[in-house]
There are 4 protein chains.
Amino acid sequence: MSVTDAQLAEIEHLRGDAAPTRRATVPDLEALLYQPLPVLDHGFVRVIDYMGNDAAVVQAARVSYGRGTRQVSEDAGLIRYLMRHRHSTPFEMCELKLHVKLPIFVARQWIRHRTANVNEYSARYSVLDREFYLPAPEHLGVQADSNRQGRGAALGPAEAARVLDILRRDAETAYSHYEELLNRRDDGSIVDPERPGLARELARINLSLSYYTQWYWKIDLNNLLHFLSLRADSHAQYEIRAYAGVILDVVARWVPLVFSAFQEYRLGGIHLSATGVGVIRRLLAGEAVTLETSNLGRREWQELMTVLGCDHDRNAG
Amino acid sequence: MSVTDAQLAEIEHLRGDAAPTRRATVPDLEALLYQPLPVLDHGFVRVIDYMGNDAAVVQAARVSYGRGTRQVSEDAGLIRYLMRHRHSTPFEMCELKLHVKLPIFVARQWIRHRTANVNEYSARYSVLDREFYLPAPEHLGVQADSNRQGRGAALGPAEAARVLDILRRDAETAYSHYEELLNRRDDGSIVDPERPGLARELARINLSLSYYTQWYWKIDLNNLLHFLSLRADSHAQYEIRAYAGVILDVVARWVPLVFSAFQEYRLGGIHLSATGVGVIRRLLAGEAVTLETSNLGRREWQELMTVLGCDHDRNAG
Amino acid sequence: MSVTDAQLAEIEHLRGDAAPTRRATVPDLEALLYQPLPVLDHGFVRVIDYMGNDAAVVQAARVSYGRGTRQVSEDAGLIRYLMRHRHSTPFEMCELKLHVKLPIFVARQWIRHRTANVNEYSARYSVLDREFYLPAPEHLGVQADSNRQGRGAALGPAEAARVLDILRRDAETAYSHYEELLNRRDDGSIVDPERPGLARELARINLSLSYYTQWYWKIDLNNLLHFLSLRADSHAQYEIRAYAGVILDVVARWVPLVFSAFQEYRLGGIHLSATGVGVIRRLLAGEAVTLETSNLGRREWQELMTVLGCDHDRNAG
Amino acid sequence: MSVTDAQLAEIEHLRGDAAPTRRATVPDLEALLYQPLPVLDHGFVRVIDYMGNDAAVVQAARVSYGRGTRQVSEDAGLIRYLMRHRHSTPFEMCELKLHVKLPIFVARQWIRHRTANVNEYSARYSVLDREFYLPAPEHLGVQADSNRQGRGAALGPAEAARVLDILRRDAETAYSHYEELLNRRDDGSIVDPERPGLARELARINLSLSYYTQWYWKIDLNNLLHFLSLRADSHAQYEIRAYAGVILDVVARWVPLVFSAFQEYRLGGIHLSATGVGVIRRLLAGEAVTLETSNLGRREWQELMTVLGCDHDRNAG
């Protein structure tokens, strides 16, 4: 994780300050505020601010459903009810603001979630730091066959070394040339006083997608959970999953009741198709259903059998 | 359904016009274009325009997944794959524009879907018509006990007549007073040349939520399906469900492959919680699970048993 | 303003609680937290929570523009720069949550701003209170001629009394019938134990647009300023303007530097068309421009002359 | 522009097909449909589909304002009125779908506009082509001093050659290594049958921001105009401005009345601050205003004087 001494001093300064507030507060999250939580080799997630807590979700739901919610006496029960029935608007009443340092290729996946507020470091205005992502050897997976977009087993040590050498060398060359194009080194010194520097907005195009960028990112809890359900999923690329994992821990501290309901109904839940429901009914009725008689495709059949803890290759009856 | 002769003439005029286009076209939907499809007593849905078809979803997906989609050779299969894995962006590539006439209380539920474009008739600029919604007697349900927001069995004939009489009388009185406040009758004539008319933006506040308004409403297919999954659901209020039902038919004509996948994975599918999945695994393993041993709440247990076609009151093993 | 004793006690309880926080705080806004700020006859605005302050806007901007912002040494100057150049994303880093009680016809205008989070009191789940908006006599304007959607001079006292009598009488009748339809009075008692009550979701359609509803409304500062620039404008209906006025005061307390820049560049600024710019250049060059030679329409000409403090009817040279 | 023969054949096939439609059509835009309009060295913009035309804006506005719009008899006048008063919702009733090929660094700016639908080519699923952006020598500007984010005068020929050599060499090396990492060449052949290929989602991180990507991009006319007002502006980076310029031409063909109003009120218009309006009033009243007496900052004063066609350094009186 790359945080300068000056940044650490500023973080300590911010953490030292406390003021009284009448707003909802979450001591468990306060304890974490401003601290960089490391992700990958140089990245981090920092919680900068938050609005609301579990009670704020309940408060909004009780306004919506008014007297109708009196019967659900407990906050935990109401939150589970909301999550189960996809009453999403009460979860929008909480908001989280993060400062994230992340490789550009991760940023490109992340930004596809359009329902957030973003202020990204601009390489038109400023110079990017000499920091790029280099995967740990165990994450250098081969191209997967069965899963078109993913990665399979890790490369062997010799192959991994070769790959890392290429990645490192190209990234370093690109940055040296970036400095040369700018006519300005990382430390602010001029390379050649006789030459003009190329505009920053152009010089940056020489850098690779492994370079780190950073942004402030603010999102409501409902959209954050949607982001996490997609990005903490096993189909997501490992690198963005690493960020999602850290943010999941933040959410667990911030809104523990919401987090628990999220695990029960979303992360740990599954979606069944109409045909899949029919298969389960037939199985429970004692019928010996097979792939052939299931009306499911092979992939769907296999996934269903896995979920149900049944043997794929023969019927589950 | 309330459409004036002038409007019908304009609709016929629009329907008579045809021009060649290189864009994707859907003959089955063209046949319906501009025609008012009746809903409730005075409402309608009119398809005004559309962009894209089933092939447009496939086209966008193939750009996203590039060579990776070659293996999914058939459009129907690819669309099912996208729907199943909640790859929602290709469905955003289709767009539908409707003209809808609907009671204000329905409009207030409908507008909660924020991802659409709306141009509503303005009662600040114009005078509302003398048209209000009066439920058919069979839809005059009593307040439901089990389902806090819904309605139960229909009222008896005498009670229904009493209710309809109140609703009709109050709505008519409100409109007569609306005209008096405006000092202007529905036909444009002045009530009393000696008096000034109250501003339209104020006079309208005397009208009830049963009055009809209208709007142009434009939405992409992905968000439309989300709207329909909520509003065609049995938990939705009958009146908005009536509109959702008509729009479902429009979608079935417009993008039949998408519609079929939507039925399989969304409308006809179910979502299971982590605990619910566990219950099914135990049942399939031969265990006699009961409400007490299920770790589910009573409501969730009952819903699960219903879905699985099992008896609620005893174990399903 | 209608707040029950129980609500006041809860508000006092919330205001009595304070906890330390490391987050950005705004003492001037803390002082106001949870208190109902009256609007119209029964409405209010309550600040429930906020995220960020002037410094949070600057913080986000400095991340975006990095070293590039070092030259703008002062926060006020940077905020003015951002506002002037419509760099809107740093303003999205602040968030405000309000509890608002407002007439339904105002809610219908308000909800058109789609970039906010809303939890509205549901008349499907709960019973609406017997509270409706009755304009003060001085706001009972006649329909304006020149401004199609607006209102002109106030009605005379006799006419105003007649209008208020109609509005009050119809609203009260509607509520009495609402109770009769529900078979349940405002105080919770049953009207007639022999009769069933009509479903709440249906009974409410008898109420008029003047009835009060309430919601939690959460929005980022950038979208809030956009809302205010439209709804605090003289073209907005008086009733929603009354709410916008109260919220403007909240913003002035919350983010005074942003508010000052907003006044300078948005509220107090104007937009000139290409032709309008040309007219000013010609005037400054000494040319005697008239409506006829201006290439502007009459309305645009008049507005331009008013803004420039010139005489409409003759040239401004 | 890089379009393969197979792609050209498909485009010709699509252009050859025409079907009758009852929808609004725009012959001038039909003529352009599917054709790649070249941008930069390898990029393009292709119009894939459109919904609506000038009349669709008018149609939606007339529903909103109902009888109130009868007085504005001409479509052009109504569209100018809507644009002038920022009544934006009628413009949302038109929709455009483009296929765009663009360098990744341009895509990163473009995607910040969140109100569009996007399907981007995925380098997780597929292999990127060997195509990268190399600026024309005349666009190789030096870093600007006065304008922190922009570029100034072009480099001299020798310097330009050196820059282009660096950019080309690094981009080519990165691609050769990309193939080596994938163990798969651009033409699909295997580099070394003994080695496994690295996962595509990882190999791509070696490519630079100058590489081309592509996407389908769909947006409504209101948001498109907002995009164009920012990206066709002189403060935007040249490369994205090149795309905005081509899209402006598309809009001019598609909705000529809207385009004309957009030029008058947005592209050619200016925004004045409250203080700026005061300065003009004083100038018109004959006062000799100077920077010192203007209450404007130097930058704002200079911009105002430029807009007004006055001499910066002395008063404009």
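This is a predicted model: local features need pLDDT of at least 70, side-chain atom pairs count only at pLDDT 80 or more; totals for chains, interfaces and linings use all residues.
1. Chains A and C. The contact between these two chains takes 44 residues from chain A and 44 residues from chain C. On the chain A side, seven elements each supply at least two residues: helix H1 (5-16), strand E1 (19-21), strand E3 (43-51), helix H3 (54-65), strand E4 (95-103), strand E5 (117-120) and strand E8 (212-220). E8(A) gives the largest share, five residues. By type, the side of chain A that touches chain C divides into 19 nonpolar, 12 polar and 13 charged residues.

2. Symmetry of A and C. Chain A is superposed on chain C by a rotation of 180 degrees, with 0.0 Å of shift along the axis and an RMSD of 0.0 Å. The two copies are therefore related as by a two-fold rotation axis. Within chain A, the C-alpha nearest that axis belongs to Pro20(A), at 2.1 Å. Of the interface residues of chain A, 100% are also interface residues in chain C, so the copies meet through the same surface.

3. A strand pair across the A and C contact. Strand E1 (residues 19-21) of chain C pairs with E1(A) in the antiparallel sense, over three bridges. One of the facing pairs can be named: Thr21(A) has Ala19(C), in E1(C), as its bridge partner. As background, strands of a sheet pair through backbone hydrogen bonds, either parallel or antiparallel.

4. Chains A and B. Here the contact takes 24 residues from chain B and 24 residues from chain A. Helix H10 (256-267), strand E9 (270-272), helix H11 (274-284) and helix H13 (298-308) of chain B each supply at least two residues of the side that touches chain A. Which of these elements gives the most? H11(B) does, with seven residues. The residues on this side of chain B divide into 12 nonpolar, nine polar and three charged.

5. A strand pair across the A and B contact. Strand E9 (residues 270-272) of chain A is joined to E9(B) by three bridges, and the two strands run antiparallel. In this pairing, His271(A) stands opposite His271(B).

6. Chains A and D, through helix H6. Two packed helices are described by the angle between their axes and the distance between the axes. For helix H6 (residues 157-182) of chain A and helix H6 (residues 157-182) of chain D, the angle is about 170 degrees and the axes are 11 Å apart. An angle over 145 degrees counts as roughly antiparallel, and that is why H6(A) is described as roughly antiparallel to H6(D). The residues of H6(A) that meet H6(D) include Val163(A), Ile166(A), Asp170(A) and Thr173(A). On the chain D side, the residues include Val163(D), Ile166(D), Asp170(D) and Thr173(D).

7. Strand E3 in chain C. Is strand E3 (residues 43-51) of chain C mostly covered or mostly open? E3(C) is mostly covered, with nine of its nine residues buried. Strand E2 (residues 37-39) of chain C pairs with E3(C) in the antiparallel sense over three bridges, and Leu37(C) stands opposite Val45(C). The hairpin of E2(C) and E3(C) has three residues between the strands, and in it Leu40(C) takes a positive phi near 55 degrees. E3(C) is also joined to strand E4 (residues 95-103) of chain C by seven bridges, and these two strands run antiparallel. In that pairing, Leu96(C) is the bridge partner of Tyr50(C).

Definitions and conventions. Residues are numbered from 1 along each chain as its sequence is written. Chains are lettered from A and ligands numbered from 1 in the order in which they are written. Two residues are in contact if their C-beta atoms, placed from the backbone, lie within 7 Å. Helices (H or I, at least four residues) and strands (E, at least two) are DSSP runs, numbered from the N terminus. Ala, Val, Leu, Ile, Met, Phe, Trp, Tyr, Cys and Pro count as nonpolar, Asp, Glu, Lys and Arg as charged, and the others, Gly among them, as polar. Two strands pair if DSSP finds at least two bridges between them. Axes are lines fitted to C-alpha atoms, for helices over the stretch in contact, and angles run from 0 to 180 degrees between N-to-C directions. Angles under 35 degrees count as roughly parallel, over 145 as roughly antiparallel, 65 to 115 as roughly perpendicular and the rest as oblique. Copies are superposed by least squares on the C-alpha atoms of residues with pLDDT of at least 70 in both. A residue is buried if 20 or more other C-beta atoms lie within 10 Å of its own, exposed if 12 or fewer, and partly exposed in between; C-beta atoms are placed from the backbone.
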